[in-house]
Amino acid sequence: MKITLRQMEIFLNVVVSGHLTNVAKDMKLSQSAISMSIKELESILGRPVFDRINKKLVLNEVGRAFYKEIDPIFKKLTDIEYEFKNSENKGMIRVGASTTIVDYMMPTIICSYMSAYPDVKITLKEGNTKEIASMIKEGSIDIGFVEGFVSDEDIIREKIGVDELVVVTAEKHLCKGCDISDLAEKKWVLREEGSGTREVFLNYIKEKAEKLNIFLELGHTESIKSILKNRECLTCISKISVESELKEGKLHRVPLKDFECKRDFLMIYHKDKYHSALFEKFVYFSRKLMIQMIEGESCPTLKDPKDA
């Protein structure tokens with residue numbers, strides 16, 4: 001589109017005033033600038049929009065039709081500008097999170113936040129830690145939540161909490177005290193490469209078990225749990241993701257000796273990210289809710305930062 005908002009504004013002001021001098025004075029522009037803008041607009045439209053009658057600009061038949069279309073559009077744009085300038089609680093936040101957080105934490109965070117701020121739209125993208133970090137770098141999301149290692153110097157990392165990884169299986173006979181090395185030859189189902197869960201687990205056991213018998217790699221936690229229930233195998237998974245299955249006895253935790261595998265939940269964003277009031281509020285609420293969920297609160301609650 002070649003017509004600019006400035007040209008629309010000048011056109012509408014000339015319609016009201018009828019004199020270039022008055023418009024130039026009100027808009028603090030030169031008369032030649034106002035005249036040039038009208039000429040450029042008429043050139044774009046291919047026809048004059050004003051008749052010059054008694055030293056006054058009066059809309060002609062083309063101008064009246066153009067005015068009828070443009071006036072409501074410009075007023076709407078003015079209203080939108082005013083609304084966003086005067087509202088901290090309107091806009092869109094683009095969020096990315098790794099699988100464990102998407103499945104077991106983000107639904108509560110997003111629903112609670114949008115209940116408090118219904119005019120805010122949130123989009124959510126899922127990926128492993130590596131993919132979420134790439135989205136931050138590319139600017140395709142505003143904020144990310146991951147559980148793996150992020151070392152890029154362009155990305156700000158904030159530790160929100162600690163997640164415990166546990167080894168689980170559906171086979172009770174495997175649930176006896178032993179070392180991780182004793183289970184290395186058993187069948188293991190792990191997340192795909194790039195997953196924070198996989199990376200932290202393999203890094204933790206690299207000096208305890210030489211080689212793990214990984215017979216299957218899957219991209220989703222729920223898929224892994226489904227395989228566990230139907231095959232004699234093991235996995236290492238976030239404790240948060242299997243709490244219900246452990247309570248119901250569908251899966252069992254393997255009590256390994258000297259095994260305490262933990263990782264950090266991280267909130268990440270680009271170092272050059274502009275921190276709008278809307279962004280800061282989402283950061284505040286996400287941090288608070290995630291901490292509450294990690295600490296085991298069954299009904300996490302929101303409080304506006306102004307009231308905190």
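The lining of the largest cavity has 2 nonpolar, 5 polar and 1 charged residues. Here Ala, Val, Leu, Ile, Met, Phe, Trp, Tyr, Cys and Pro count as nonpolar, Asp, Glu, Lys and Arg as charged, and the others, Gly among them, as polar. This is a predicted model, where local features need pLDDT of at least 70, side-chain atom pairs count only at pLDDT 80 or more, and totals for chains, interfaces and linings use all residues. Residues are numbered from 1 along each chain as its sequence is written, and side-chain values use heavy atoms, with hydrogens and water left out.

What lines that cavity? The residues are Thr100, Arg191, Thr197, Thr221, Ile224, Ile237, Ser238 and Ser241. Helices (H or I, at least four residues) and strands (E, at least two) are DSSP runs, numbered from the N terminus.

So how do you find a hole in a protein? Rolling a probe the size of a water molecule over the atoms shows where empty space is left. On a 1 Å grid over the protein atoms alone, a cavity is a set of points where a 1.4 Å probe fits but cannot get out, while a pocket is an open set with protein on both sides within 12 Å along at least five of seven lines; lining residues have an atom within 4 Å of a point. Grid points are joined across faces, edges and corners, and a volume is the space filled by probe spheres set on the points. By this rule there is 1 cavity of 30 Å³ or more.

| Space | Volume | Lining by class |
|---|---|---|
| Largest cavity | about 40 Å³ | 2 nonpolar, 5 polar, 1 charged |
| Second largest pocket | about 150 Å³ | 5 nonpolar, 3 polar, 4 charged |

On to the second largest pocket. Its lining includes Phe84, Glu88, Met92, Asp142, Lys273 and Phe279. Both β3 (91–97) and α11 (277–294) supply at least two lining residues, and β3 gives the largest share, 3 residues.

Now for helix α7 (residues 129–138). Thr129, Ile132, Ala133, Met135 and Ile136 are buried there (buried means under 20% relative accessible area, exposed over 50%, partly exposed in between, with a 1.4 Å probe and protein chains only). Seen down the axis of α7, these buried residues fall within an arc of 155 degrees, so they line one face of the helix; the arc is that of the directions from the helix axis to the C-beta atoms. An α-helix has 3.6 residues a turn, so residues three or four places apart point the same way. The face turned away from the buried side carries the exposed Lys130 and Glu138. What do the buried residues of α7 pack against? Their partners include β3, β4 (120–126) and α8 (196–205), with contact meaning heavy atoms within 4.5 Å.

Look at the ends of α7 too. At its start, a side-chain oxygen of Asn128 reaches to within 3.2 Å of the backbone nitrogen of Lys130. Just after the helix, Gly139 takes a positive phi of about 80 degrees.

Asn128 sits in the loop between β4 and α7. Is Asn128 buried or exposed? At 6% relative accessibility, it counts as buried. Not counting residues up to four places away in sequence, Asn128 touches Ser98, Arg191, Glu192, Glu193, Gly194 and Ser195.

Thr99, in helix α5 (residues 99–104), is buried with a relative accessible area of 3%. Leaving aside neighbours within four places in sequence, Thr99 is in contact with residues including Glu126, Arg191 and His220.

Definitions and conventions:
A polar contact is a pair of N or O atoms within 3.5 Å; within protein, one must be able to donate a hydrogen and the other to accept it, and residues adjacent in sequence count only if both atoms are side-chain atoms.
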